[in-house]
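Dear colleague,

Please find below the sequence and the structure that I am handing over to you. My account of what was found follows directly after them.

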Amino acid sequence: MIGSIGGVVFETSIDKVRTFNNMSRKGSVEYAEHQIHGDKSRLEFIRHNLDEITFSIGLDVSLGVNPKNEIANFRGKMNRAEVVDLLLGDDYKGAYVITGVDETWKNIDKQGNILSAELSITIREYTSWNTI
């Protein structure tokens, strides 16, 4: 297993290829700036901001996946505000929510079925109110 997110397993096998690429993780912190009369300002650390990850998924019926169903699955998780676990290999990366699903339909057959598509998924770190 390459990894998984919310029960969607990233894998490569003789029957199916569902992988991600172009993963990018953004983290930041916040500081308050305090003005000092006659001197340089001072910074005070305030907090860690929530991490945000973006990645792409290529979907193709010839690789054993149904693009329409995959798109609906990710959009459903986003619309239900479902908290999803992210694993890369056996490494648990944390709990996230899907905040964006952008889709590009690459190939469509004459019946209007999506044969291949590219998804761009944005997820944001989720922290429970119970841990504050």
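The accessible surface of the protein chain comes to about 8,600 Å², and 48% of it belongs to carbon and sulfur atoms; accessible areas come from the Shrake-Rupley method with a 1.4 Å probe, and for residues only the protein chains shown count as cover. Please note that this is a predicted model, in which local features need pLDDT of at least 70 and side-chain atom pairs count only at pLDDT 80 or more, while totals for chains, interfaces and linings use all residues. Residues are numbered from 1 along each chain as its sequence is written, and side-chain values use heavy atoms, with hydrogens and water left out.

Overall form

The protein chain has one helix and 10 strands; helices (H or I, at least four residues) and strands (E, at least two) are DSSP runs, numbered from the N terminus. Along the sequence they follow the pattern β-β-β-β-β-β-β-α-β-β-β. The C-alpha atoms fill a box of roughly 70 × 30 × 25 Å, taken along the principal axes. The radius of gyration of the protein chain is 20 Å, whereas a compact globule of 132 residues would have one near 14 Å; the value is taken over C-alpha atoms, and the globule rule is 2.2 Å times the number of residues to the power 0.38.

Of the 132 residues, 28% count as buried. Here, buried means under 20% relative accessible area, exposed over 50%, and partly exposed in between (1.4 Å probe, protein chains only). Among contacts between residues at least 6 apart in sequence, 56% join residues at least 24 apart, where contact means heavy atoms within 4.5 Å.

Aromatic pairs

The structure holds four aromatic pairs. Rings of Phe, Tyr and Trp (its six-membered ring) pair if their centres lie within 6.5 Å; planes under 30 degrees apart count as stacked, over 60 as edge-to-face and the rest as tilted. The rings of Phe 10 and Phe 55 have centres 6.2 Å apart and planes at 90°, so this pair is edge-to-face. Because Phe 10 lies in strand S2 (residues 8-12) and Phe 55 in strand S7 (residues 52-60), the pair ties together parts that are 45 residues apart in sequence. Both Phe 10 and Phe 55 are buried, and the relative accessible area of Phe 55 is 2%.

Phe 55 also forms an edge-to-face pair with Phe 20, at 6.0 Å centre to centre and 70° between the planes. This pair links distant parts of the chain, with Phe 20 in strand S4 (residues 20-26) and Phe 55 in strand S7, 35 residues apart.

Helix H1 covers residues 67-79 and includes Glu 70. At 1.5 Å a residue, its 13 residues should span 18 Å, and the end C-alpha atoms are 18 Å apart, which agrees; the expected span is 1.5 Å times one less than the number of residues. The buried residues of H1 are Pro 67, Glu 70, Ile 71, Phe 74, Gly 76, Lys 77 and Met 78. At the start of H1, a side-chain oxygen of Asn 66 reaches to within 3.0 Å of the backbone nitrogen of Lys 68.

What surrounds Glu 70, not counting residues up to four places away in sequence? Glu 70 touches Val 8, Arg 18, Leu 59 and Val 65. Its relative accessible area is 9%, so Glu 70 counts as buried. A polar contact of 2.8 Å joins the side chains of Glu 70 and Arg 18. Such a contact is a pair of N or O atoms within 3.5 Å; within protein, one must be able to donate a hydrogen and the other to accept it, and residues adjacent in sequence count only if both atoms are side-chain atoms.

Ala 81 follows H1 and is found in the loop between H1 and strand S8 (83-88). Although Ala 81 is not a glycine, its phi is positive, at about 55°; at 56% relative accessibility, Ala 81 counts as exposed. Asn 22, likewise not a glycine, has a positive phi of about 55°. Asn 22 lies in strand S4 and is exposed, with a relative accessible area of 62%.

Thr 54, in strand S7, is partly exposed at 28% relative accessibility. Leaving aside neighbours within four places in sequence, Thr 54 is in contact with Asn 22, Met 23, Ser 24, Ile 121 and Thr 122. The C-alpha atoms of Thr 54 and Met 23 are separated by 5.6 Å, although the two are 31 residues apart along the chain.

Yours sincerely
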